[in-house]
Amino acid sequence: MGERLGVLGGTFDPIHCGHVLLAQSVREQLDLDRILFIPAADPPHKRSADLTAADHRWAMVELAITGLAGLEPSSLEIDRGGTSYTIDTLRQLAVQHEDADLHLIIGADNICDLSTWHDPEAILSIARVVAGARRQAGISTHERFADRIMQLDTPLFEVSSTLVRQRLRDHQSIRYLVPPTVEAYIFDQRLYGVSDKGRIS
Ligand code: ATP
């Protein structure tokens with residue numbers, strides 16, 4: 001039996017504690033060997049003009065999960081470049097890790113979007129799709145693929161990258177929403193329009 005490998009793709013602009021909690025909880029519940037955090041080069045559903053440079057998003061992912069057992073960054077989508085379709089990533093992983101049992105991890109808010117993704121049938125045939133709870137969004141009965149998605153009870157932590165960016169713009173604290181190393185990086189690199197004055201300590 002091959003490795004039980006989790007895949008958590010995202011824009012990670014920036015990575016926050018909700019991402020890490022989701023991954024740790026899924027890893028424990030499904031006894032996964034590893035979860036790869038894969039920042040998108042160019043996510044299909046977001047405006048690329050608004051995106052923070054990939055090297056910064058990558059650096060923050062590395063800082064957030066370094067030293068956490070079983071969580072690893074992967075630059076597969078950044079290295080591939082172009083629009084980051086999940087199906088292409090899964091196909092690449094299936095070749096690189098021939099025997100792996102692939103688990104694609106998504107937040108529950110993404111369940112309803114699966115049918116809008118590129119080739120959902122192929123995604124479901126290559127990987128088990130696992131959804132963590134978010135905003136108590138249960139699987140909509142309208143979702144075509146609902147019965148093929150495994151839904152797990154993971155801690156609800158109401159944070160999004162949008163909220164983090166908004167709070168920074170409004171000069172509000174992001175403490176406890178992102179790992180301390182990520183907070184320091186954001187201020188050191190002056191990302192999201194922050195100035196050093198916004199630092200709490
Ligand atoms: P944005 O606010 O910019 O849209 P986001 O916070 O949703 O970003 P993404 O990088 O797009 O972050 O998310 C990657 C994955 O993590 C998605 O599957 C998303 O559903 C999931 N996710 C994001 N935030 C949470 C959270 N607080 N709890 C559980 N899952 C989450």
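Mentor: Start with a definition: helices (H or I, at least four residues) and strands (E, at least two) are DSSP runs, numbered from the N terminus. This is a predicted model: local features need pLDDT of at least 70, side-chain atom pairs count only at pLDDT 80 or more, and totals for chains, interfaces and linings use all residues. Residues are numbered from 1 along each chain as its sequence is written, and side-chain values use heavy atoms, with hydrogens and water left out.

Trainee: Which helices and strands each supply at least two residues of the shell around the ligand?

Mentor: Strand S1 (4–10), helix H1 (17–30), strand S4 (101–107) and helix H6 (161–169).

Trainee: How many residues surround the ligand?

Mentor: A residue is near a molecule if one of its heavy atoms lies within 4 Å of it. Here 20 residues surround the ligand. The closest are Lys46, Asp109, Phe157, Ser161 and Thr162.

Trainee: Which polar atom of His19 lies 3.0 Å from an oxygen atom of the ligand, side-chain or backbone?

Mentor: A side-chain atom of His19.

Trainee: What joins the side chains of Arg34 and Glu72?

Mentor: A polar contact is a pair of N or O atoms within 3.5 Å; within protein, one must be able to donate a hydrogen and the other to accept it, and residues adjacent in sequence count only if both atoms are side-chain atoms. Arg34 and Glu72 have one of 2.8 Å. Arg34 lies in strand S2 (residues 34–39).
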